[in-house]
Amino acid sequence: MRIAGAPISWGVCEVPGWGYQLHRDRVLTEMRGAGLTATELGPDGFLPADPVELTEVLDAQSLSCVGGFVPVVLHDANHDPARDLEGPLASLRAADAGVVVLAAATGADGYDSRPELDAGQWATLLANLDRLSRIAAEAGLLAVLHPHVGTMVETRSDVDRVLAGSSIPLCLDTGHLLIGGTDPLELAKAVPHRIKHTHLKDVDAALAARVQAGELTYTDAVGAGMYTPLGTGDVDIAGIVSVLRDNGFDGWFVLEQDTILQAEPTDEGPVRDVVASVAYLKSVSA
């Protein structure tokens, strides 16, 4: 079972004003100390863009890189998302990663709202997904689409539209799917062959319902603790892992527990929850 970490579990995020951003040295050291041997890249600027420096930083912690989250605008016919992919692909290739995790960005900062697309914009989005998949494959990487709250692919109808209109595989993010109205276990059972990468999150369903009802923004809900250590929330993590493994899934299980920090932690900080999630996932796999 291949288990990786992600900087967002330490509050490191691409959204401006998200919260206090920990230095990479603390994050990577704690990631390795939690028993993880691999990471995703994190947002621009968190890890070095220079290939040699990037490799040195990861090697210093005995960490490999499995992939990176890359939000790109896909629905605008006047925008070429391939250009947005050039830098991330170069970094991922330098780090010997295997996966580029695409999200259908709105073009605005943050994930608290999104516009509605018309039929033409949907056609552009779907065509770009297949086009970027080919570009990634030519670079030796697998592109997957990450349904994500506050992006153009959020709801179950959005996911179904991608499944029907594009050949791109999915990143099964158990938290974003649930908040967007998709049962991640049901989706795993329905299309296991389309799932090639995972972000495992557990969720406080009561807070998620408040986001769905418009009572809380996504950002405020994250700050209130919507994401919980694996095994302590309302997502059937064990069931999802079992379904995927029974259907031959051989990709990465990336632990993602989005959090927002107000300042440098003076205690254990986010790593406490990461350690708990690692222990739970290992118990499930056993």
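This is a predicted model: local features need pLDDT of at least 70, side-chain atom pairs count only at pLDDT 80 or more; totals for chains, interfaces and linings use all residues.
Which residues in H3 meet which residues in H4? I started my notes there.

**Entry 1: H3 against H4**

I looked up the H3 side of the contact and found Pro81, Ala82, Leu85 and Leu89. On the H4 side I noted Asn128, Arg131, Leu132, Ile135 and Ala136. Helix H3 covers residues 81–94. I then took the geometry. The axes of H3 and H4 come within 11 Å. They cross at roughly 30°. The crossing is right-handed.

**Entry 2: H4 against H5**

I stayed with H4, residues 119–138, and turned to H5, residues 156–165. These two axes come within 10 Å and cross at roughly 55°. H4 and H5 are therefore oblique to each other. This crossing is right-handed. From H4, the contact uses Ala119, Trp122, Leu126, Leu129 and Asp130. From H5, I listed Asp158, Arg161, Val162 and Gly165.

**Entry 3: Ser133**

I picked one more residue in H4, Ser133. Is Ser133 buried or exposed? Its relative accessible area is 17%. The cut-off for buried is under 20%, so Ser133 counts as buried. I checked what Ser133 touches beyond four places in sequence, and found Ala143 and Ile168.

Next I looked at strand S10, residues 252–255. Which way do its side chains point? Trp252 and Val254 point one way, and Phe253 and Leu255 the other way. All four of these residues are buried.

I then followed the pairing. Strand S1, residues 2–4, runs parallel to S10 and is joined to it by 3 bridges. Arg2 stands opposite Trp252. Strand S7, residues 195–200, also pairs with S10 in the parallel sense, over 3 bridges. There I found His199 as the bridge partner of Val254.

**Entry 4: the annotated span**

I checked the UniProt record. An unreviewed entry lists residues 94–258 as "domain: Xylose isomerase-like TIM barrel". I looked at that span in the model. It is 41% helix and 18% strand. Its end C-alpha atoms lie 26 Å apart.

**Entry 5: Cys13**

I went to the loop between S1 and helix H1 (24–33), where Cys13 sits. How accessible is Cys13? Its relative accessibility is 10%, so Cys13 counts as buried. Leaving out residues up to four places away in sequence, Cys13 touches Ile8, Trp18, Gln21 and Pro43. I also took a distance to Asp44, which is 31 residues away along the chain. The C-alpha atoms of Cys13 and Asp44 are separated by 9.1 Å.

**Entry 6: helix H1**

I moved on to H1 itself. Its buried residues include Arg26, Val27, Leu28, Glu30 and Met31. What covers the buried residues of H1? The cover includes strand S2 (38–40), helix H2 (51–60) and helix H11 (271–285). Just after H1, I noted a positive phi of about 95° at Gly35.

**Entry 7: His148**

I looked up His148 and placed it in the loop between strand S5 (142–145) and H5. At 6% relative accessibility, His148 counts as buried. Which residues does it touch, not counting those up to four places away in sequence? I listed Phe69, Tyr111, Val153, Glu154 and His176.

Ser62 has a phi near 55°, a positive value in a residue other than glycine. It is found in the loop between H2 and strand S3 (64–73). Is Ser62 buried, partly exposed or exposed? With a relative accessible area of 48%, Ser62 is partly exposed.

Asp96 has a phi near 60°, also positive and also in a residue other than glycine. I placed Asp96 in the loop between H3 and strand S4 (99–105). With a relative accessible area of 66%, Asp96 is exposed. The cut-off for exposed is over 50%.

Definitions and conventions. Residues are numbered from 1 along each chain as its sequence is written. Side-chain values use heavy atoms; hydrogens and water are left out. UniProt positions are given in the numbering used here, feature names are shortened, and annotations may be inferred rather than shown by experiment. Helices (H or I, at least four residues) and strands (E, at least two) are DSSP runs, numbered from the N terminus. Buried means under 20% relative accessible area, exposed over 50%, partly exposed in between (1.4 Å probe, protein chains only). Two strands pair if DSSP finds at least two bridges between them. Axes are lines fitted to C-alpha atoms, for helices over the stretch in contact, and angles run from 0 to 180 degrees between N-to-C directions. Angles under 35 degrees count as roughly parallel, over 145 as roughly antiparallel, 65 to 115 as roughly perpendicular and the rest as oblique. A crossing is left-handed if the near helix is turned anticlockwise from the far one by less than a right angle, and right-handed if clockwise. Contact means heavy atoms within 4.5 Å.
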